[in-house]
Amino acid sequence: GNDAVAPYRRDAAVQQALERHEDLATLALLLFLGISLGRLPLHLQRKLAGWPHRAWVLAALLGTVLLWAAAYYGGELVYRHGVGVRTGG
């Protein structure tokens with residue numbers, strides 16, 4: 001991704017979409033990492049019934065929305081701005 005976007009870095013619209021894409025992807029990564037690490041001790045202790053389970057599911061849904069939004073802006077980079085698309089052989 002970084003190599004593909006390098007020639008387009010001066011375009012303000014591309015830069016804005018790229019920053020959103022990177023920020024949302026980083027947030028999704030950190031949230032899913034936190035979910036994995038935070039849930040592990042509870043899972044090992046078999047304490048995931050009730051509200052802890054619902055809280056982890058809600059956090060995972062939030063992560064899914066973040067990941068979807070990051071993918072949307074990544075697709076916008078390719079399909080709207082042509083980042084990483086070869087032209088002319």
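Mentor: Start with the ring rule. Rings of Phe, Tyr and Trp (its six-membered ring) pair if their centres lie within 6.5 Å; planes under 30 degrees apart count as stacked, over 60 as edge-to-face and the rest as tilted. By this rule the chain has two aromatic pairs.

Trainee: What makes the pair of Trp68 and Tyr72 stacked?

Mentor: The centres of Trp68 and Tyr72 are 6.0 Å apart and the planes are 25 degrees apart. The limits are within 6.5 Å for a pair and under 30 degrees for stacked, so the label holds. Both residues lie in helix α3, four residues apart, which is about one turn of the helix.

Trainee: And what kind of pair do Tyr72 and Tyr73 form?

Mentor: Tyr72 and Tyr73 are edge-to-face, with 5.3 Å between centres and 85 degrees between planes. The ring pairs link Trp68, Tyr72 and Tyr73 into a cluster.

Trainee: What kind of model is this?

Mentor: This is a predicted model: local features need pLDDT of at least 70, side-chain atom pairs count only at pLDDT 80 or more, and totals for chains, interfaces and linings use all residues. Residues are numbered from 1 along each chain as its sequence is written, and side-chain values use heavy atoms, with hydrogens and water left out.

Trainee: Why is Trp68 called exposed?

Mentor: Buried means under 20% relative accessible area, exposed over 50%, partly exposed in between (1.4 Å probe, protein chains only). Trp68 has 57% relative accessibility, so Trp68 counts as exposed.

Trainee: Where do Tyr72 and Tyr73 fall?

Mentor: Tyr72 is at 46%, so Tyr72 is partly exposed. Tyr73 is at 17%, so Tyr73 is buried.

Trainee: Why is Gly34 called partly exposed?

Mentor: Gly34 has a relative accessible area of 36%, so Gly34 falls in the middle class. Gly34 sits in helix α2 (residues 12-44). Apart from neighbours within four places in sequence, Gly34 contacts Arg39 and Trp56. The C-alpha atoms of Gly34 and Ala55 are separated by 13 Å, with the two residues 21 apart along the chain.

Trainee: How do you know how many helices and strands there are?

Mentor: Helices (H or I, at least four residues) and strands (E, at least two) are DSSP runs, numbered from the N terminus. The chain has three helices and zero strands. The order from the N terminus is α-α-α.

Trainee: How does the radius of gyration set the chain against a compact globule?

Mentor: The radius of gyration is taken over C-alpha atoms; the globule rule is 2.2 Å times the number of residues to the power 0.38. A compact globule of 89 residues would come near 12 Å, but the chain has 18 Å. The C-alpha trace spans about 60 × 20 × 15 Å along its principal axes.

Trainee: How much of the chain counts as buried?

Mentor: Of the 89 residues, 21% count as buried.

Technical notes
Contact = heavy atoms within 4.5 Å.
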